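Biologist: Could we go through this model together? I would like to start with the backbone and then move on to other topics.
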Amino acid sequence: MASLLLTNGYLITVNSDRDVIRNGWIDAVGLGRMVLSYPEMPSDTLREGITKRKKICRTFSDCTTAPRGGIVSGCYPLDEHYHHIPEATQLATLKKEASARRAKVKKDS
Ligand code: SF4
């Protein structure tokens, strides 16, 4: 019997993903932004049985905030590569400006 299970966010955890695959309940698990912060997660989990918790996406949303501001996407908080590129400074400025706008809207309302 074919079945399709779609989830978004934390409905399925790393351990339950592994269990549902091993038990043959589903054929595949798709990962979203987790692959930006921790692309090795599927092999670490399935082959090694370990998960590096510090690399798991924490939904800070920099990977979506950046492209909304015309900046390349990536996991700025957790991927060392993005700490040192010029776009990191641009993103910080973008976030500060957005925060200031939110504060103004809150103050004015
Ligand atoms: S930037 Fe944040 S939301 Fe995006 S992958 Fe990294 S930790 Fe997850």
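Biologist: Where is Thr 59 placed?
Modeller: This is a predicted model, and in it Thr 59 sits in the loop between helix H3 (41-48) and H4.

Biologist: What is phi of Thr 59 near?
Modeller: Phi of Thr 59 is near 55°, which is a positive value in a residue other than glycine. Most residues other than glycine have a negative phi.

Biologist: And why does Thr 59 count as partly exposed?
Modeller: Thr 59 counts as partly exposed because it has 13 C-beta neighbours inside 10 Å. The label "buried" would need 20 or more, and "exposed" 12 or fewer.

Biologist: Which loop holds Ser 61, and what is its phi near?
Modeller: Ser 61 lies in the loop between H3 and H4. Its phi is near 75°, a positive value in a residue other than glycine. With 13 C-beta neighbours inside 10 Å, Ser 61 counts as partly exposed.

Biologist: What about Lys 54: buried or exposed?
Modeller: Lys 54 counts as exposed, because it has 9 C-beta neighbours inside 10 Å. This residue lies in the loop between H3 and H4. Its C-alpha atom is separated by 9.2 Å from that of Tyr 38, and the two residues are 16 residues apart along the chain.

Biologist: Let us step back. How many helices and strands does the chain have?
Modeller: The chain has six helices and zero strands. Read from the N terminus on, the elements run α-α-α-α-α-α.

Biologist: How much of the chain is buried?
Modeller: Of the 109 residues in the chain, buried residues make up 12%. As for contacts with a separation of 6 or more, 31% are accounted for by residues 24 or more positions apart.

Biologist: Which residues form the largest nonpolar core?
Modeller: That core has seven residues, namely Cys 63, Ala 66, Ile 71, Cys 75, Tyr 76, Tyr 82 and Leu 91.

Biologist: Take Leu 91. What does it touch?
Modeller: Leaving aside residues up to four places away in sequence, Leu 91 touches Asp 62, Thr 65, Ala 66, Ile 71 and Tyr 76. Among these, Ala 66, Ile 71 and Tyr 76 also belong to the largest nonpolar core.

Biologist: How many residues does helix H6 have, and how far does it reach?
Modeller: Helix H6 (residues 86-108) has 23 residues and reaches 34 Å from its first C-alpha to its last. That is close to the 33 Å expected at 1.5 Å a residue. The number of buried residues in H6 is one of the 23, so this helix lies largely in the open.

Biologist: Now Ser 73. Where is it, and which residues does it touch?
Modeller: Ser 73 is in the loop between H4 and helix H5 (80-83). Not counting residues up to four places away in sequence, it touches Cys 63, Ala 66 and Pro 67. Ser 73 is partly exposed, because 16 other C-beta atoms lie within 10 Å. The C-alpha atoms of Ser 73 and Leu 36 are separated by 9.0 Å, with the residues 37 residues apart along the chain.

Biologist: One last topic, the ligand. Which residues come nearest?
Modeller: There are 14 residues around the ligand, and Cys 57, Phe 60, Asp 62, Cys 63 and Cys 75 come nearest. The elements that give two or more residues to this shell are helix H2 (34-37) and helix H4 (62-68).

Biologist: How do the residues of the shell divide?
Modeller: They divide into eight nonpolar, three polar and three charged.

Conventions: Residues are numbered from 1 along each chain as its sequence is written. This is a predicted model: local features need pLDDT of at least 70, side-chain atom pairs count only at pLDDT 80 or more; totals for chains, interfaces and linings use all residues. A residue is near a molecule or strand if its C-beta atom, placed from the backbone, lies within 6 Å of it. Helices (H or I, at least four residues) and strands (E, at least two) are DSSP runs, numbered from the N terminus. Ala, Val, Leu, Ile, Met, Phe, Trp, Tyr, Cys and Pro count as nonpolar, Asp, Glu, Lys and Arg as charged, and the others, Gly among them, as polar. Two residues are in contact if their C-beta atoms, placed from the backbone, lie within 7 Å. A nonpolar core is a set of buried Ala, Val, Leu, Ile, Met, Phe, Trp, Tyr and Cys residues joined through C-beta atoms within 7 Å. The expected span of a helix is 1.5 Å times one less than its number of residues.
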